Amino acid sequence: MPYKAEGPELAPSEEELRDRIPGWGADLAPEHRRTWQQRDDLPDTGARWEFPERQDEGPRREKSIEHSMLPPVFGTAQPLHGVSGAIRRVAYDRFSETKNTRWLLLVLGDRVDAVTAHARSLLTRRPDDPITLTGVMAEADHRPIASRFGRGRLDLRHAWLDPIVVVGPWVLAGALVVAAARRVLR
């Protein structure tokens with residue numbers, strides 16, 4: 001639309017907007033906030049409590065340092081354990097939720113947990129198989145070169161790093177096993 005010599009049209013007034021757009025101005029004065037209609041004819045539900053009964057905290061639970069207590073109900077499915085648990089405890093005990101250090105420590109704890117899980121799998125009858133679990137074998141059947149180039153894929157920037165991240169822990173675990181076996185045999 002070209003510019004007109006008369007100038008731009010003025011913005012409509014609040015009353016015009018409120019009449020034209022249902023719910024306009026909900027962030028203005030409280031009397032204009034219509035999120036739902038108030039009803040007084042609903043039956044009494046009997047739901048009355050000051051503070052719900054608290055779940056037994058039992059062993060030490062993690063909570064943010066911003067909060068003085070745990071919520072009344074919380075999950076207990078995955079208690080912290082091992083080195084990864086110690087890293088996560090440091091994150092919960094010392095750093096605020098607003099600090100990047102806290103989140104980086106939580107990610108580090110997750111990665112440590114993943115590496116120890118991979119290492120534990122080597123001691124089982126069916127260890128993890130990094131080749132088939134990553135889908136590398138399917139690459140040959142689905143145009144591996146053509147699907148990567150000329151399509152603007154952003155993951156090409158780190159594609160060289162993927163084999164190191166996926167295979168690196170396995171090579172490291174294998175080297176540790178070989179070194180331990182050599183030490184035992186001497």
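How many salt bridges does the rule give? The count comes to two. A salt bridge here is a side-chain nitrogen of Lys or Arg within 4 Å of a carboxyl oxygen of Asp or Glu.

This is a predicted model, in which local features need pLDDT of at least 70, side-chain atom pairs count only at pLDDT 80 or more, and totals for chains, interfaces and linings use all residues. Residues are numbered from 1 along each chain as its sequence is written, and side-chain values use heavy atoms, with hydrogens and water left out.

**Salt bridges**

| Pair | Closest N and O atoms |
|---|---|
| Asp 110 and Arg 88 | 3.9 Å |
| Asp 110 and Arg 111 | 3.0 Å |

Asp 110 bonds with Arg 88 in a salt bridge. That pair links distant parts of the chain: Asp 110 sits in helix H3 (residues 100–121), Arg 88 in helix H2, 22 residues apart. Helices (H or I, at least four residues) are DSSP runs, numbered from the N terminus.

Buried means under 20% relative accessible area, exposed over 50%, and partly exposed in between (1.4 Å probe, protein chains only). Arg 88 is buried, at 15%. Asp 110 is partly exposed, at 36%. Arg 111 is partly exposed, at 47%. Salt bridges that share partners join Arg 88, Asp 110 and Arg 111 into one network.

**Gly 58**

Gly 58 lies in the loop between helix H1 (14–20) and helix H2 (82–94). Its relative accessibility is 54%, so Gly 58 counts as exposed. Thr 76 is 18 residues from Gly 58 along the chain, and their C-alpha atoms are separated by 9.8 Å.

Note on methods:
Helix = DSSP H or I, 4+ residues; strand = E, 2+ residues; numbered from the N terminus.
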